[in-house]
Amino acid sequence: MKLADLLQHLTNATLETPDAYGANADQAVQGVTSDSRQARPGNVFVALGGSRTDGHEYLSAAAEQGALALVIEADRKSGLQLPAGIPVISVRNTYKALAEISSALQGFPGQQLRLVGVTGTNGKTTVTHLIEQMLEDQGKKVGLIGTLGRKTTKQQSYDSTGHTTPMATELQEILHEMKAEGNEFVVMEVSSHALEQYRVHGCDFEVAVLTNITQDHLDYHKTMEQYWKAKALLFSRLDVSEGKKRAAVINLDSDYAQEFIAACPKDVQLYTYAIASPDANVRIENPNYSIAGSSFTVMTPAGKAEVKLKLGGQFSVYNSLAALASGLALGISLMDCVKSIERVPGIRGRFEVVSEKPYVIVDYAHTPDGLENVLNAARVVTPKEGRLIAVFGCGGDRDATKRPKMGRIAEQLSDLLVITSDNPRTEDPQQIITDVISGIQRFDSARMVVEADRKQAIHQAIDMARPEDIIVVAGKGHEDYQILRSHHSL
């Protein structure tokens, strides 16, 4: 693609150096990057503003590396010294421009695939896997993108992406590869960061799904209002032009359900699901929970059915309802949806039972709501003579206000508590633990242990346990490493 052609795909673009542009308009664009160190001849460098570094400070470095053109934010140009002899293009939002360029260079795969996007604080991974199973059981080729990485029907093992939703450049490359492999559908987790940073711009979602909204990522979004509004962008951006059929699947039990419903364009088909709300389209009766799974009767616009899941906990029922409603929105029959979700044996690191006597459950819960859900679910299936033992910590360089809340929840809901580390990153693990303990009303050394070394903490919990106890190891889920001082440690 020539630079002149690429320019046509940028929204509100202005040429800041028309002479340099004219001399390079017919040059072929080989790629795009937001890292000046990766700039190469033929590449377009897009300057992104970040919390730690600002790409506008590296324009000269990118030019020296041979970049074909530079893209900057219009409101920053007055304070910049632009390199001479290189095309400079200004736009209102460089994150959006990065997505537009990435999409164009990959042939607009996000417009050609049938996309299902799942957002929310908790449950995204499980819901995407359940939807994937339903589609594959219908003979469809499906790509999956999320916290565990990326995989396709052709390649069932995961390739790590480093983000729940990859950056726009990588995401468009992945979508292009999935399209080339013959996948018809892609089911992806869509984070609040991705929505606010336009990572999924250029992706035409057929179905948008909300799991729930509880406190998370306030280190980035600052307030709950900013957080839920970022999530709601997945719904407000649903494209219903030219008669396109688009659907929104929303948890009616969520405190923010009405805000998400209001965010949807008027022609979007709405599916609501709930356990508590009687007005939901998809709801349940007669729930039953055990360590081996859950069962219930589901009522839907397509009829009712008995469901027996291999997934435990009330939150797994919510996740299955979200997936089931999505399946109905995609035109899959109720009974086929039920058969598919009943087949799923479990999701790695999501209420995963890894041993017995005592039962040890590993879960990714790393938010106050997530920890509360998993401990409540474990309590329901803990034998009367057994105890519930919780092992958990809080991440470093993340929202510190949730730490005392999680300490308080763990104190209230567990019989024995082991406080440890969970990706301290650049923070002092002991300070994080101190923050957690500050939320505990009464520190009782008879039932509470502090061990910063996560491996030792897990061993201590196992040593304390009796055969009838249940241990919940929360926070890391599928992760088999710790991030210490920004380095991974196995």
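**Reading a predicted model**

Guide: Let us begin with R403, which is buried, with a relative accessible area of 1%. Please keep in mind that this is a predicted model.

Visitor: Why does R403 count as buried?

Guide: A residue is called buried when its relative accessible area is under 20%. R403 has a value of 1%, and therefore it is buried.

Visitor: Where is R403 placed, and which residues does it touch?

Guide: R403 belongs to helix α14, which covers residues 402-413. Leaving out residues up to four places away in sequence, R403 touches C394, G395, G396, D397 and R398, and also E427, I432, D435 and V436.

Visitor: D397 is in that list. In which loop does D397 lie?

Guide: D397 is found in the loop between β18 (388-392) and α14. Its relative accessible area is 22%, so D397 counts as partly exposed. Its backbone deserves attention too: phi of D397 is near 60 degrees, a positive value in a residue other than glycine.

Visitor: Which value does phi take at F108?

Guide: F108, which is not a glycine, has a positive phi of about 55 degrees. The residue sits in the loop between α4 (94-105) and β6 (114-119). With a relative accessible area of 29%, F108 is partly exposed.

Visitor: Is the peptide bond from K357 to P358 cis or trans?

Guide: One reads this from omega. For the bond from K357 to P358, omega is near 0 degrees, and the bond is cis. P358 itself is in the loop between β16 (352-355) and β17 (359-363).

Visitor: How far apart in sequence and in space are P429 and A452?

Guide: Sequence separation and spatial distance are read as two separate values. P429 and A452 are 23 residues apart in sequence, and their C-alpha atoms are 6.6 Å apart in space. P429 lies in helix α15 (residues 429-437) and is partly exposed, at 25% relative accessibility. Apart from residues up to four places away in sequence, P429 touches S421 and P424.

Visitor: Which residues have the most contacts inside the largest nonpolar core?

Guide: Such a core is made of buried nonpolar residues joined through their side chains. Here the largest has 43 residues, and I131 and L324 have the most contacts inside it. Helix α11 (residues 314-329) supplies the largest share of this core, 9 residues. Beyond its neighbours within four places in sequence, I131 is in contact with V116, V118, V187, A323, S326 and L330. Another core lies apart from this one; it has 33 residues, including V190, Y227, F235 and A280.

Visitor: How many helices and strands does the whole chain have?

Guide: The protein chain has 16 helices and 23 strands. Buried residues account for 56% of its 490 residues. Of the contacts between residues at least 6 apart in sequence, 66% join residues at least 24 apart.

Visitor: What can be read from the surface and the charges?

Guide: The accessible surface comes to about 20800 Å², and carbon and sulfur atoms hold 46% of that area. The chain has 50 positive and 60 negative charges, whose mean positions are 3 Å apart.

Note on methods:
Residues numbered from 1 in each chain as written. Predicted model: local features only at pLDDT ≥ 70, side-chain atom pairs only at ≥ 80, totals over all residues. Heavy atoms only, no water. Helix = DSSP H or I, 4+ residues; strand = E, 2+ residues; numbered from the N terminus. Buried < 20%, exposed > 50% of the residue type's maximum accessible area, 1.4 Å probe, protein only. Contact = heavy atoms within 4.5 Å. Areas by Shrake-Rupley, 256 points an atom, 1.4 Å probe, with all protein chains shown as cover. Lys, Arg positive; Asp, Glu negative; His and termini not counted. Charge placed at Lys NZ, Arg CZ, Asp CG, Glu CD. Core = buried A, V, L, I, M, F, W, Y, C linked by side-chain atoms within 4.5 Å.
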